[in-house]
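Q: Could you take a close look at one part of this model for me? Here it is.

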2 protein chains.
Amino acid sequence: MSMNYAFKALSDPTRRKILDLLREKDMTAGEIADHFQMTKPSISHHLSLLKQAQMVYDERKGQNIYYSLNTTVFQDLLKWVIQFH
Amino acid sequence: MSMNYAFKALSDPTRRKILDLLREKDMTAGEIADHFQMTKPSISHHLSLLKQAQMVYDERKGQNIYYSLNTTVFQDLLKWVIQFH
DNA sequence: CCGATATTTAGATAAATTCCTAAATATCTA
DNA sequence: TAGATATTTAGGAATTTATCTAAATATCGG
């Protein structure tokens, strides 16, 4: 089930911060990387895990690849958390 | 912030299953362990991480230690997830 | 086509995580 | 108090994760 990847993805603070950034607006991989003291390959790796977890979309526009939130898994997460409320 | 421990705790499927069990009823460490093909020390370790994340309470009653859900962190999680909804 | 820019992929390493066995601790009961 | 039961703590091995540098891929502009 895809929730497993989502929970794994959420366990890292860098990835949660990336999601927070994307909540504000869609961003390119480079723009995202500029918010961290970490190399671009490392951020690229985190983005790939978020994509694997179906928490972000990626779309190439020319030289850039834009990342945006994919909210479908968040709905599943919401249902999961509500059970404990 | 305690959310960090909570997200870490949730990243493991065994720990999520423990939480699901405790949703039904409070259970002793031994009862919980009976639901897994894993040694009791391993389950004990998972329980300790859940406690560190403030997702469960533990209370000794005689020889047994009962575990139960602590829902306060789940409320924070709910708020966090809702932001992405 | 070439050089520059944006991003990912590959490969390596250090740190963190999961799980085990053995030993320690706490409680109960005879 | 001694033995049995419940649970945790300690220590170690195997796996996974996070990060880096170097190299590869894709696109753009001249």
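Leaving aside its neighbours within four places in sequence, which residues is Met55(B) in contact with?

A: First, the ground rules: this is a predicted model, where local features need pLDDT of at least 70 and side-chain atom pairs count only at pLDDT 80 or more, while totals for chains, interfaces and linings use all residues. Residues are numbered from 1 along each chain as its sequence is written, chains are lettered from A and ligands numbered from 1 in the order written, and side-chain values use heavy atoms, with hydrogens and water left out.

Now, Met55(B): with those sequence neighbours set aside, it is in contact with Ala6(B), Ala9(B), Leu10(B), Leu19(B), Leu50(B), Ser68(B), Leu69(B), Asn70(B), Phe74(B) and Leu77(B); contact means heavy atoms within 4.5 Å. Met55(B) also belongs to the largest nonpolar core, which has 56 residues, and along with Leu19(A), Met55(A) and Leu19(B) it touches the most other members. Such a core is a set of buried Ala, Val, Leu, Ile, Met, Phe, Trp, Tyr and Cys residues joined through side-chain atoms within 4.5 Å, and buried means under 20% relative accessible area (1.4 Å probe, protein chains only).

Ala9(B) and Leu50(B) turn up again around Arg15(B), which touches Lys8(B), Ala9(B), His46(B), Leu49(B) and Leu50(B), not counting residues up to four places away in sequence. The Arg15(B) side chain makes a polar contact with that of His46(B) at 3.0 Å (N or O atoms within 3.5 Å; within protein, one must be able to donate a hydrogen and the other to accept it, and residues adjacent in sequence count only if both atoms are side-chain atoms).

As for how the chains meet, 100% of chain A's interface residues are also interface residues in chain B, so the copies meet through the same surface.

Definitions and conventions. Buried < 20%, exposed > 50% of the residue type's maximum accessible area, 1.4 Å probe, protein only.
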